[in-house]
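Please find below a note on the model under review. It is arranged as numbered points, to be read alongside the sequence and coordinates.

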Amino acid sequence: MELLSGDRGKKALIAVALAGLCLGLLLQFSGQEAPARWVWAAGVAPVLAALVLEIADGLRRGEFGLDIVAALSMSSALIFGETLAAAVVGVMYAGGTFLESYAEGRARREMHDLLSRVPRSAARLRDGRLEAVPLDAIEPGDRLLIRQGEVAPVDGTLLSDMAMLDTSALTGESLPVRAAAGTEVMSGSTNAGEAFELRATRIAAQSTYAGIVRLVEEAQRSKAPMARLADRWSLGFLVVTLVLAGLAWWLTGDPIRAVAVLVVATPCPLILAVPVALVAGLSRAAHYGVLIKGAKPLEMLAQIRTLILDKTGTLTEGRPRILAVQSRGALEEDEILRLAASLDQASQHPVAQALVQAARERGLVLSLPTEVAEIPGEGVLGHIDGKSVLVGGDRFVTERVGDGALPDEALMAGAVLVALSVDGHLAGHLIMADPLREGAREMLDALRQLGVSRILLATGDRADVAERVTDGLGLDGLRAGLTPDQKVLLVLSERKDGAVAMVGDGVNDAPALAAADVGIAMGARGAAASAEAADVVLLVDSIDRLRPGLEIARGARGIAIQSVFMGIGLSVLGMIAAALGYLTPVEGALLQEVIDVLAILNALRALRIRPAPVAGMAA
């Protein structure tokens, strides 16, 4: 049991040690030296006992750290009569553990804010009544009322015409966003406008926000390779400390010099600075909508040299967009889109839903379709405003109306051609494509400046489509027509040249994400399988967030390394000075506390890392 782990226990030990130190000083100044020594020893005893129990518990778990030096310094100071030094060390050590806890608490602030936003209940509309229900009672298909200021409890689809959503706590988006009917709403979003209705699409336990909470909890329990390396360095530092103390005693015959050396070495910034800096980096990344699942992935992200990107939904938007609308008769472009979207309201096909969304974005008023029949994968037929309408693939429509002429844009690689007929006559074509994300080139250039030397595209799409979409991006390689297994082989083959990160958003990307040193999932609307397999989840549906994530990871790791070497360097200099007789045990204890505070304050600089801004990102 870790007696120093709870805040109450730490405060109690500080209070006892500090009371013993102060009372002993009062007795010393009043000329009562013997009672002062007894009081100082009494103040140290609880701290030393708790420390010894904690060391024993750690050794049983196979953990070894520099707490042993702290125990040796207090014990040796008591044995050789340096009770004032022991009292100072006791106060400094108890205070140092509390300071570490406080620093990590500050570093986790954004994560705690995230966890504190978990809603406990929801307002469900059923049988014309509004009822308050616990989150576990919400099922897919339930209609929920989200009042102003409330948090969406589950993932769902917006039923109201419009909603204003504040996603800043999840994604770092600086301003509320306007969402139209049919928009996917991520659980954890706050209603910043009028009340709206939401149709649940997932239960609470499977929703985005619950997943984020699980990932945050895992991140808080994780331990980075650098932290484990610091534990191994602790053994070497302990050996150096004992050798210096032994030499000082042997060469001078003065055991007080050995005590001073041990005191200066207690506790070392190795056990303080690394976890504080890395947890601060995790917290800072979460503020910008980049959820890193622990200290280990953060450290690995800081070291990546090769980046492999999926195409659809990663480099591209993953949603078909209208490139052009061509009329083949008397209908205007907007009327062609309105009729096609009105009929496609009855279909769940991605292209149909993209048409509906595009019509709503243009402010078109859609009509209710009647007598609808859908041929899966081909098209939809029905009646709109009394007209017989057919919408679907060009071949599906033209075979029924006898006109097969294609627009020129349809010849473009990767384009999707949607045809519309009205009352048996071809009315027009809608040319759609999955466009490249805005700012993709600038983002890739920025990643190269951050040290990513090799960027590849891995896609299951055709080579001609991939080449058209990525033209001008300056990629180092393009691998098309890949199966999920082949993506894994690509990741493994690239790992021989350095750490590899893989970015994807679909179920087929999950194996490659798991195989990479760092798997990065587009989590805003990506598949749950890819988010679970990934080490990093971009909560905003924008690959731009990869850049601040990488900047923060590199910055936090650099600060951790800097804090460690600064602390070790100052501690070694202090130990040498103590061995040469320039520092008494009391002076050494005060010096070491100054070193610890400096190391922690330097590590907390990771909370102030400010990556280059991207569109919509809060500072």
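The points below concern a predicted model and take up its cores, several of its helices and a few individual residues.

1. The nonpolar cores. The largest nonpolar core has 68 residues, and those with the most contacts inside it are Leu301, Leu307, Leu309 and Ile520. Helix H21 (residues 546–579) gives the most to this core, contributing twelve residues. Another core lies apart from it and has 28 residues, among them Leu13, Ala17, Met74 and Val259. In soluble globular proteins, nonpolar side chains tend to be buried together.

2. The surroundings of Leu309. Which residues does Leu309 contact, leaving aside its neighbours within four places in sequence? They are Thr314, Leu315, Leu444, Ile455, Leu456, Leu457, Ala458, Val503 and Ile543.

3. The packing of H9 and H22. Helix H9 (residues 255–264) packs with helix H22 (residues 585–603) at an angle of about 10°, and their axes are 8 Å apart. Because angles under 35 degrees count as roughly parallel, H9 is described as roughly parallel to H22. On the H9 side the contact involves Ile256, Val259, Ala260, Val263 and Val264; on the H22 side it involves Pro585, Gly588, Ala589 and Gln592. By class, seven of the residues in this contact are nonpolar, two are polar and none is charged.

4. Helix H13. Helix H13 (333–344) has twelve residues, which at 1.5 Å a residue should span 16 Å; its end C-alpha atoms are 16 Å apart, in agreement with that value. Is H13 largely enclosed or largely open? Nine of its twelve residues are buried, so H13 is largely enclosed by the rest of the structure. The buried residues are Ile336, Leu337, Arg338, Leu339, Ala340, Ala341, Ser342, Leu343 and Asp344. A reader may wish to note that Arg338 and Asp344 are included in this list.

5. Helix H14. The twelve residues of helix H14 (residues 350–361) should likewise span 16 Å at 1.5 Å a residue, and the 16 Å between its end C-alpha atoms agrees. Its buried residues are Val351, Ala352, Ala354, Leu355, Val356, Ala358 and Ala359. An α-helix has 3.6 residues a turn, so residues three or four places apart point the same way. The cover over the buried residues of H14 includes helix H13, strand E12 (321–327), strand E16 (416–422) and strand E17 (425–433). After H14 comes Gly363, with a positive phi near 80°.

6. Positive phi outside glycine. Asp127 has a phi near 55°, a positive value in a residue other than glycine. Asp127 is found in the loop between strand E1 (121–126) and strand E2 (129–134), and its relative accessibility of 71% makes it exposed. Asp385 also has a positive phi, of about 55°, although it is not a glycine. Asp385 is placed in the loop between strand E14 (379–384) and strand E15 (387–393); with a relative accessible area of 49%, it is partly exposed.

7. Two alanines. Ala295 is in helix H11 (residues 295–301) and is buried, with a relative accessible area of 7%. Its C-alpha atom is separated by 9.8 Å from that of Ala280, 15 residues away along the chain. Ala56 is in helix H2 (residues 33–60) and, at 30% relative accessibility, counts as partly exposed. The C-alpha atoms of Ala56 and Ile68, twelve residues apart along the chain, are separated by 9.8 Å.

Definitions and conventions
Residues are numbered from 1 along each chain as its sequence is written. This is a predicted model: local features need pLDDT of at least 70, side-chain atom pairs count only at pLDDT 80 or more; totals for chains, interfaces and linings use all residues. Side-chain values use heavy atoms; hydrogens and water are left out. Axes are lines fitted to C-alpha atoms, for helices over the stretch in contact, and angles run from 0 to 180 degrees between N-to-C directions. Helices (H or I, at least four residues) and strands (E, at least two) are DSSP runs, numbered from the N terminus. Angles under 35 degrees count as roughly parallel, over 145 as roughly antiparallel, 65 to 115 as roughly perpendicular and the rest as oblique. Contact means heavy atoms within 4.5 Å. Ala, Val, Leu, Ile, Met, Phe, Trp, Tyr, Cys and Pro count as nonpolar, Asp, Glu, Lys and Arg as charged, and the others, Gly among them, as polar. The expected span of a helix is 1.5 Å times one less than its number of residues. Buried means under 20% relative accessible area, exposed over 50%, partly exposed in between (1.4 Å probe, protein chains only). A nonpolar core is a set of buried Ala, Val, Leu, Ile, Met, Phe, Trp, Tyr and Cys residues joined through side-chain atoms within 4.5 Å.
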